[in-house]
Amino acid sequence: MIDYSKLCIHTVTTKAWDIWTAIEKFDAAGIGGITVWRQALDGQDIEKVGHTIRASNIEIVSLCRGGFFPAQHLGGLDAAIADNQQAVREAAELGAPMVVLVCGAIPGQSLQKSRDQIIAGIRAVLPVAESLGVKLAIEPLHPMYADDRSAINTMESANDVCDEIDHPLVGIALDVYHVWWDPNLEREIARCAAADRLFAYHICDWKTPTTDLLNDRGLMGEGCIDLPRMRKLVEKYGFTGFHEVEIFSDHWWSREPDSFLAEIQQSWNQHC
Ligand code: ZN
């Protein structure tokens with residue numbers, strides 16, 4: 001019997017299933033954790049979702065996602081802050097300990113200005129996060145998204161932002177898809193862990209060729225990321241949390257989700 005208690009799946013990975021089906025299927029498969037995407041909660045009784053997940057002995061790892069702070073127009077940052085405060089309240093209602101942040105960027109706006117807005121945005125969300133005890137995890141995104149999805153593109157940059165904000169509730173979600181190529185990865189993981197801020201570990205694979213910037217992620221073992229090395233690195237610096245499978249893929253989404261789930265389990269077991 002293989003132990004899947006440290007395996008977590010993002011609801012977006014199996015997005016054909018509504019939240020209730022996902023809970024049932026993950027539970028039946030012995031999956032230990034779930035990261036809930038906000039769209040899976042649309043129109044649902046969030047507290048009831050949280051209760052149902054806990055009753056199934058599945059741990060709620062995080063709520064995905066907040067962020068997208070940068071804005072060109074007056075009021076845009078305020079709207080983003082309000083939305084992120086709402087995400088934190090939803091996480092608390094669900095019973096999720098953390099909100100993952102895809103921090104945002106605006107094409108044509110300097111990355112430094114976007115970073116300044118991200119820092120201001122996170123600072124403005126922190127009082128709500130503090131009052132509810134919800135952590136905020138900055139996820140550095142691969143530089144190919146620096147134009148419109150995140151101005152924070154390396155672990156180093158995420159560590160710098162965390163240093164500047166300097167708050168125990170603000171840390172980093174490391175996603176192998178975004179950082180596998182980075183020559184300074186070990187140094188920055190060590191720095192992250194030393195500050196006690198390595199909050200999450202997301203896995204998938206990088207396919208060659210990648211045919212879509214967003215929706216062509218690979219299943220673990222399908223691409224070129226050295227996943228055993230990544231695992232050793234995070235564990236070397238003390239990470240003991242979930243391995244969260246987050247796969248956006250038109251290819252995998254077109255497959256029958258039951259067999260996809262079985263393949264996820266098999267590939268995690270073989271390649272991670
Ligand atoms: Zn991720």
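Buried means under 20% relative accessible area, exposed means over 50%, and partly exposed lies in between (1.4 Å probe, protein chains only). By that rule Glu188, at 2% relative accessibility, is buried. This is a predicted model, in which local features need pLDDT of at least 70 and side-chain atom pairs count only at pLDDT 80 or more, while totals for chains, interfaces and linings use all residues. Residues are numbered from 1 along each chain as its sequence is written, and side-chain values use heavy atoms, with hydrogens and water left out. Helices (H or I, at least four residues) and strands (E, at least two) are DSSP runs, numbered from the N terminus.

**Zinc site**

- Donors are N, O and S atoms within 2.8 Å of the metal (3.2 Å for Na, K and Ca); water is not among the atoms, so sites may look incomplete.
- The zinc ion has as its protein donors Glu139 (OE), Asp175 (OD), His202 (ND1) and Glu246 (OE), at 1.9 to 2.2 Å.
- Along the chain, these donors of the zinc ion show the spacing E-x35-D-x26-H-x43-E.
- Glu139 is in the loop between β5 (135-138) and α5 (155-165), and Glu246 is in the loop between β8 (243-245) and α9 (250-253), so this pair ties together parts 107 residues apart in sequence.
- Glu139 is buried, because its relative accessibility is 3%, and Glu246 is likewise buried at 3%.
- Four donors count as tetrahedral if all angles lie between 85 and 135 degrees; four count as square planar and six as octahedral if opposite donors are over 155 degrees apart and all others between 65 and 115; anything else is irregular.
- The arrangement around the zinc ion is irregular, because the angles subtended by the four donor atoms run from 83 to 143°.
- For reference, the ideal angle for four tetrahedral donors at a metal is 109.5 degrees.

**Salt bridges**

- A salt bridge is a side-chain nitrogen of Lys or Arg within 4 Å of a carboxyl oxygen of Asp or Glu.
- The structure contains 15 salt bridges.
- One of them joins Asp258 and Lys25, at 3.0 Å from N to O.
- That pair links distant parts of the chain, with Asp258 in helix α10 (residues 257-271) and Lys25 in helix α1 (residues 19-29), 233 residues apart.
- Asp258 is partly exposed, with a relative accessible area of 34%, and Lys25 is partly exposed at 25% relative accessibility.
- Asp160 and Arg191 form another salt bridge, their closest N and O atoms lying 2.7 Å apart.
- Asp160 belongs to helix α5 and Arg191 to helix α7 (residues 185-194), so the pair ties together parts 31 residues apart in sequence.
- Asp160 has a relative accessible area of 38% and is partly exposed; Arg191 is partly exposed at 25%.
- Glu188 pairs with Arg187 in a salt bridge, the closest N and O atoms being 3.0 Å apart.
- Arg187 is partly exposed at 46% relative accessibility, whereas Glu188 is buried at 2%.
- A network of salt bridges links Glu156, Asp160, Asp163, Arg187, Glu188, Arg191 and Arg197.

- Leu185, Glu188, Ile189, Cys192 and Ala193 are the buried residues of α7.
- These residues lie on the same side of α7, because they cover an arc of only 135° around the axis, the arc being that of the directions from the helix axis to the C-beta atoms.
- Elements that cover the buried residues of α7 include α5, β6 (170-175), α6 (176-179), β7 (198-203) and α8 (227-236).
- Asp196 follows α7 and has a positive phi, near 60°.

**Cysteines**

- A disulfide is a pair of cysteine sulfur atoms within 2.5 Å, and the count by this rule is zero.
- The sulfur of Cys192 is too far for a bond, because the closest cysteine sulfur, in Cys162, is 6.8 Å away; Cys192 is buried at 0% relative accessibility.
- For Cys272, the closest cysteine sulfur is in Cys204 at 9.9 Å, again too far for a bond; Cys272 is buried at 12% relative accessibility.

**Leu132**

- Leu132 is located in helix α4 (residues 111-132) and is partly exposed at 39% relative accessibility.
- Contact means heavy atoms within 4.5 Å; leaving aside neighbours within four places in sequence, Leu132 is in contact with Val88, Arg89 and Ala92.
- The C-alpha atoms of Leu132 and Ala92 are separated by 6.4 Å, although these residues are 40 residues apart along the chain.
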